[in-house]
Amino acid sequence: MRTRQILIVLLVATLAVTLLLLLWAWTGGPGGGSGGPISPSPASPSAPLPTAEEALGLAKEAARRWQMDAQLVGVSATWSRARRENLLAGPSGWSFVFYSPAAGEIQYVGVGSEGASLGRRFPAPTPLETVPEEKWQFAAADALLFFLASGGERYLRDHPSAAVNLRLGAEAGRAVWTVLAVEGDKEPFIVRIDASTGERLP
């Protein structure tokens, strides 16, 4: 039970931080060490947002212009007042996290319909576990459908102000999707999925 409580706290914190970082990425952040906007493959303003899998290529290109050894740590997206329709339509943007062993730093990259932008950069106090990209087989859209079919749609119907955070991260060498729905201080609803097999995890 204590492990579940810790997980809930961490996921709620991730939701809040992701919202702030997405805002930072879209506005380009202040100058200095945070890195300026970078659009390796800009799209037209009316272009649709790429899927998470399509956005990965843009994010990697931007990250490797920062550090050639940049490795994927995770990807996330958030929806406020989430509904089935806007979940399946996609988020307003994707937030990627990369780690450079050589620099010992973490770099955030935002991807929207206009391309990729470097966001905040932080020192990494310890080496980070990275996502093995070959184990990212279960698409973000499929993870959202799984969440909806596993009780998420009912939760959103019963909690009309709920926000949803979708995150892909590494856990003990495997890639795991975590979908968190939460409304205020109410009990959240969490679904975890193995990104290699599509199997639901505890």
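Helices (H or I, at least four residues) and strands (E, at least two) are DSSP runs, numbered from the N terminus.

**View 1. The whole chain of the predicted model.** The chain holds 4 helices and 8 strands. Their order from the N terminus is α-α-β-α-β-β-β-α-β-β-β-β. Of its 202 residues, 48% are buried (under 20% relative accessible area with a 1.4 Å probe, protein chains only). Contacts are heavy atoms within 4.5 Å. Among those with a separation of 6 or more, 63% link residues 24 or more positions apart.

**View 2. Strand E7, residues 189–194.** Here 6 of 6 residues are buried. In a regular strand, side chains alternate between the two faces of the sheet. In E7, one side carries Phe189, Val191 and Ile193, and the other carries Ile190, Arg192 and Asp194. Both faces are covered.

**View 3. The hairpin of E6 and E7.** Strands pair if DSSP finds at least two bridges between them. E6 (residues 174–182) runs antiparallel to E7, with 6 bridges. Ala181 sits opposite Phe189 of E7. Between the strands lie 6 residues, and Gly184 has a positive phi near 55 degrees.

**View 4. The hairpin of E7 and E8.** E8 covers residues 200–201 and joins E7 through 2 bridges, antiparallel. Ile193 has Arg200 in E8 as its bridge partner. The strands are separated by 5 residues; Gly198 in the turn shows a positive phi of about 80 degrees.

**Notes.** Residues are numbered from 1 along each chain as its sequence is written, and side-chain values use heavy atoms, without hydrogens and water. In this predicted model, local features need pLDDT of at least 70 and side-chain atom pairs count only at pLDDT 80 or more, while totals for chains, interfaces and linings use all residues.

Methods: Buried < 20%, exposed > 50% of the residue type's maximum accessible area, 1.4 Å probe, protein only.
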